[in-house]
Amino acid sequence: MLSFVNAESLDGWLDGATPSDVAAATELRASLAVLLRAHSGCALDAGAVGAAEAHLRQVATRYPLIPVVGADACALVPAHDGAFGLFARVLGAVTDLAYRGAWARAKVCKNDTCHTGFFDKTRNTSGLYCSPACSSQASMRAYRNRRKAA
Ligand SMILES: [Zn+2]
């Protein structure tokens with residue numbers, strides 16, 4: 001199952017994370033995980049994708065990005081420091097992936113014991129597992145289940 005965000009794991013990204021930062025990060029992560037699960041073709045509750053999209057649209061107003069236009073380069077930079085800036089960078093990275101046509105390649109591993117997020121590098125975006133080991137485990141599990149059923 002997807003691991004939860006906690007103060008310790010968020011501290012690696014952000015010094016001095018507050019409980020409300022952890023709660024916001026958990027919600028942001030949960031919404032993004034729903035979309036990654038949709039990319040992987042996982043079964044989701046009805047309305048889960050719409051709710052995740054609505055949540056991300058709503059929180060994006062709290063984590064704005066500002067265009068910095070220069071002669072040689074342009075970039076979107078977070079309007080805030082701290083947790084809000086970090087969350088803005090995450091949403092900016094997602095948007096950048098989408099602009100590059102690669103957002104659908106961000107997925108969650110379909111191995112029941114893994115569910116790690118991964119970037120699908122297959123030619124036709126058909127990857128379902130984060131690694132050959134997970135693919136093997138899932139294949140073996142499916143084989144055993146078929147044998148039990150027979
Ligand atoms: Zn995996």
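Biologist: Which residues touch the most other members in the largest nonpolar core?

Modeller: Happy to start there, with the reminder that this is a predicted model. The largest nonpolar core holds 25 residues. Those touching the most other members are L10, L28, L32, L56, Y63, F87 and W103.

Biologist: And which element gives the largest share of this core?

Modeller: Two or more core residues come from each of helix 2 (19-39), helix 3 (48-60), helix 4 and strand 3. In general, nonpolar side chains of soluble globular proteins tend to be buried together. The largest share here is eight residues, and the element that supplies them is helix 2.

Biologist: Nice. In what order do the elements of the protein run from the N terminus on?

Modeller: The protein has five helices and four strands. Its C-alpha atoms fill a box of roughly 65 × 40 × 30 Å along the principal axes. Read from the N terminus, the order is α-α-α-β-β-α-β-β-α.

Biologist: What share of the contacts with a separation of 6 or more comes from residues 24 or more positions apart?

Modeller: For background, 32% of the 150 residues count as buried. Among the contacts with a separation of 6 or more, the share from residues 24 or more positions apart is 39%.

Biologist: Let's turn to the metal. What is the arrangement of the four donor atoms around the zinc ion?

Modeller: The zinc ion is coordinated by the SG atoms of C109, C114, C130 and C134, at 2.3 Å. The donor atoms subtend angles of 105 to 117°. Four donors count as tetrahedral if all angles lie between 85 and 135 degrees. The angles around this zinc ion therefore make the arrangement tetrahedral.

Biologist: How are the donor residues of the zinc ion spaced in sequence?

Modeller: The donor residues are C109, C114, C130 and C134. Written as a pattern, their spacing is C-x4-C-x15-C-x3-C.

Biologist: Where in the chain do C114 and C134 sit, and how many residues apart are they?

Modeller: Both C114 and C134 are buried. C114 lies in the loop between strand 3 (106-108) and strand 4 (117-119), while C134 belongs to helix 5 (residues 132-149). The pair links distant parts of the chain, with a sequence separation of 20 residues.

Biologist: On to charges. Which residue forms a salt bridge with K107?

Modeller: A search of the whole structure finds two salt bridges. One of them joins R100 and D96, at 2.8 Å from N to O; R100 counts as exposed at 63% relative accessibility, and D96 as partly exposed at 33%. In the salt bridge of K107, the closest N and O atoms are 2.7 Å apart, and the partner is D120.

Biologist: Are K107 and D120 buried or exposed?

Modeller: K107 is in strand 3 and D120 in the loop between strand 4 and helix 5, 13 residues apart, so the pair links distant parts of the chain. As for accessibility, K107 and D120 are both buried.

Biologist: Then why does R105 have no salt bridge, and how far away is the nearest side chain of opposite charge?

Modeller: R105 is found in the loop between helix 4 (82-99) and strand 3. Among the residues it touches are F118, F119, D120 and T125. A salt bridge needs a side-chain nitrogen of Lys or Arg within 4 Å of a carboxyl oxygen of Asp or Glu. R105 is buried without one, and the nearest side chain of opposite charge, D120, is at 4.4 Å.

Biologist: What is the relative accessible area of F118?

Modeller: F118 has its place in strand 4. It touches, among others, R105, K107, C109 and C130. Its C-alpha atom is separated by 8.9 Å from that of S131, 13 residues along the chain. F118 is buried, with a relative accessible area of 14%.

Biologist: One for the backbone: what is the phi of H115?

Modeller: H115 is in the loop between strand 3 and strand 4. H115 is buried, with a relative accessible area of 15%. Its phi is positive in a residue other than glycine, near 55°.

Biologist: And is T125 buried, partly exposed or exposed?

Modeller: T125 is found in the loop between strand 4 and helix 5, and has a positive phi of about 55° although it is not a glycine. With a relative accessible area of 30%, T125 is partly exposed.

Note on methods
Residues numbered from 1 in each chain as written. Predicted model: local features only at pLDDT ≥ 70, side-chain atom pairs only at ≥ 80, totals over all residues. Heavy atoms only, no water. Donors = N, O, S within 2.8 Å, 3.2 Å for Na, K, Ca; no water. Tetrahedral: all angles 85-135°; square planar, octahedral: opposite > 155°, others 65-115°. Buried < 20%, exposed > 50% of the residue type's maximum accessible area, 1.4 Å probe, protein only. Lys, Arg positive; Asp, Glu negative; His and termini not counted. Contact = heavy atoms within 4.5 Å. Core = buried A, V, L, I, M, F, W, Y, C linked by side-chain atoms within 4.5 Å. Lists of a residue's contacts leave out its neighbours within four places in sequence.
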